[in-house]
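Reader: Hey, I'm new to this one. Can you walk me through it?
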Amino acid sequence: MALSTLGTASVLLLFLLAVATLCLSAVGATRRSERLVEASVQGMHAVFGVAVFASMLLVYAFLSADLTIQYVQANSHPAMPIFYKVTAFWGSLDGSLLFWVLLLSGFSSLSIRANRVRHRELIPHAVATLAIILAFFAGLLVFLKNPFEPFSVLAPEAITTGKGLNPLLQNPYMIFHPPALYLGMVSMAVPYAFGMAALVTGQVDSRWQNSVRRWVLFAWLFLSIGLILGGLWAYEELGWGGYWAWDPVENAGLLPWFTCTAFLHSIMVQERRGMLRIWNILLVIFTFFLTIFGTFLTRSGVVQSVHAFGEDPLLAWSFGMFMIVIVVGSGALLIWRRPLLKARSELESVLSREFAFLVNNWLFLSCSIFVAIITIYPTLTDLEGFRSFHNAYLHPIFKLFDSEAKELTGRITIGPAFYNHYMVPIGLALMLLTGIGPLVAWRKTSGSALVKQFTFPMVMGIAGLLLAALLTPIVQWTHLDSVLEAQGLSLWSARLQSVRSWTGLAGFSLCAFTAATIAQEFYRGVKVRMKGGRRGVVEAFVGLVVKARRRYGGYIVHLGVVLMFFGFAGNAYKIERKVGVYPGDEVQLGEHYTVIYEGAHATQDWQKDMLTVELTAYDDDDALRTMREEAKAAGNEPLPPAKRYGGKIGTLTPGKWWYYQLPEQPTTEVSRLMLPAGDIYASIADVDMTTGWTRLNLYYNPLVNWVWIGFSVLLIGGVICLGTRKGDAEGAAN
Amino acid sequence: MALSLSTKLGLGIVVAGAIAFLVLSDTGEGVLEYVYVEKVVEAPERYEGRTIKVHGIVVKGTIQKARGSTGDYRFTVEHEGKQLKVHYTNIPPDTFQEEGEVILTGRLVGDTFESDDMSAKCPSKYEEQQTIDQDRKT
């Protein structure tokens, strides 16, 4: 039997089994039949088994280069390293859907098994929910996107070698970025399924949440890993000098991350105070909805993006219908069970932990709603009907705020500047809350406690602000001063309008404030333990973290976020130069660096032609440059070169590669020098080999590496939280 | 005991103030109109002098590349039978080529579209990574 036939059969079996599991669990639940429920559980495991089999078949097809299968032909190439042949499995649309089914069925099996005894009543309903989701995705495989689809007319001589995975994607980060993101997205289905089961059975106490809290944390960790790897990949591979650009598909991964983060905080309020019960279920539903919405954005081609998989209206409609089913189904259940979800207590004071969490939730939810709307908005403006709606109802509102607002006449695009305008202040507000949260008590905080808690962090925050004001480049300010003075504006208003440095300074100050909060918490905790058990500092510290993993793991996550924000704040001082240079030319990069273009050379290996440019970076400063300029003015040719004065820092070798498999699409090879204070980052756009003329993109990215360092810390904290044992909940809520 | 009315009112004012501040300080930066070539060619007066995005296909044989440090490009883009001259002064993305789809950001000056920002799609049937965005940062 041909591989494609066997594969198609297994995909079909997958779908049928999912449907059968759904029927068994539904009937089992209504008839309260243990046997049927047990059968549906076994059905769930069987679905997983078949998914594993189908996935192995597809991997085998890639390894054996079975070019009768369209998907393999389109995504494989003999010259591809074996690692990438395996990852080509999920490299494109059809296979990625199978990968999705594989993960979902795996998680379903696992979660059902883990909760089989503890939450017996929830099981049939959780199985049914998961089976519906599985049947949907397996259905897509069967009816729309069969990865085992053979070529319809079998003419072996017509089948050429495969096209191969896009060279841009042949990067180590790309091996882990999609699976990490998928893991995060897919595992959100488990909390959703248990949430639905809790609603159906009416057992809406916090038990269902205990069984899903770790799933949510797990999903959150993998979403985070996926997002950061995507950023790293973009930074090192695409050559535009940044790591995040609010691309629709980046947003797709970020949306559930926002609501998931909100849930991880608000669940503590429910555990501790019995509040926010409807809210928490809503967050779980919304998070799951957003994972499907994100998949829809990526897969259907409705948004224009770097990652878009190409247009597919049928797939778009399928996802659209499924999203409606989720909203209507979950919404109806929630409304039906609302009486059971009454809050057990009320908010007493704004100076309370629960209020801090509440604001945190509002902000995260605003982020996700804002980003979701803005991501989809350009697509909506493409529709005639939406444009008339906009012009009739929304435009008058916009007009209130901006008298120059124009009516929509066609599609619009929304770029990163727009997102940053709203998201940067919200991000800073969240950072502030990260600092405040641990300082205020549950219920309400007394005046004396406020002073005791806030003094040290406040002092550090102000110190951070002053230090940042002293140390950060004032280039923009002095520049701005002269411009605005000419317009008759005062120095202060000029500085206030310099938003980029304003956000940078606020960022540094808030980082100091929040870091101080965390340090204070650890200091007090360690002190108590040292006194109590006469332990040493290290022992007390380790004991503290192990004893209350959720609480102190959470603080470590916060510390990671602080470090990441430190890196984000550096973004406000980014320097960018795009220049055309000949060999021997020098380029100034900010106040401290000079880059000299030494020359270009061409090489090749068995996979590609390579063109490499050699640059040398030097420590330099204005004084040295002034000397050179004076020499130039005095006509003292040749000019003293930069290297005679400043020290050499290192060599940069950005390049361009032409893969033989895809010569019409060269890849940009980024080169960067990692310095303690930031990166010197170079990529080339264009080289003329006869004259050596090169178009260079040079960037100085201050503090950028703190983003990755901070993320590693966040990861450690997350893993510590994940290791929570039973009965740890009290520690977390303290 | 729930929050008092005045506290709630105060919170409302803070939230409304924050939203108003964000919206009022929004200069609309980053928001651009996006049109296909034929729309611009048919009604140039509507777009003249404004920054917009134009989507079209690079006409074969029209790419002229200036050598040397001025490094700029002249080419023609086409859509639905209508053609528009382009003067591009920046680094083109790797995927920029004849008969490739491009999305240009710039403004119409006379009969030429002056652009310094481009994203390009690769004409091959590559599913993933079709566009390499250049305008990914501000």
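Reader: Let's start with the charged pairs. How exposed is A:Arg120?
Author: Keep in mind that this is a predicted model. A:Arg120 has 24% relative accessibility, so it counts as partly exposed.
Reader: And which residue does the side chain of A:Arg120 meet in a salt bridge?
Author: That would be A:Glu38, with 3.5 Å from N to O. The two sit in distant parts of the chain, 82 residues apart: A:Arg120 is in the loop between α5 and α6 of chain A, while A:Glu38 belongs to helix α2.
Reader: Is A:Glu38 buried or partly exposed?
Author: Partly exposed, because its relative accessibility is 27% and buried would need under 20%.
Reader: OK, switching to chain B. What does B:Arg50 pair with?
Author: B:Arg50 makes a salt bridge with B:Glu33, and their closest N and O atoms are 2.2 Å apart. B:Arg50 lies in the loop between α3 and β2 and B:Glu33 in strand β1, so the pair ties together parts 17 residues apart in sequence.
Reader: Which of those are buried, and which partly exposed?
Author: B:Glu33 is buried at 13%, whereas B:Arg50 is partly exposed at 25%.
Reader: How many salt bridges are there over all chains?
Author: The search finds 15. There's also a network of them linking A:Arg273, A:Glu348, A:Glu354 and A:Arg443.

Conventions
Residues numbered from 1 in each chain as written. Chains lettered and ligands numbered in written order. Predicted model: local features only at pLDDT ≥ 70, side-chain atom pairs only at ≥ 80, totals over all residues. Heavy atoms only, no water. Salt bridge = Lys/Arg side-chain N within 4 Å of Asp/Glu carboxyl O. Helix = DSSP H or I, 4+ residues; strand = E, 2+ residues; numbered from the N terminus. Buried < 20%, exposed > 50% of the residue type's maximum accessible area, 1.4 Å probe, protein only.
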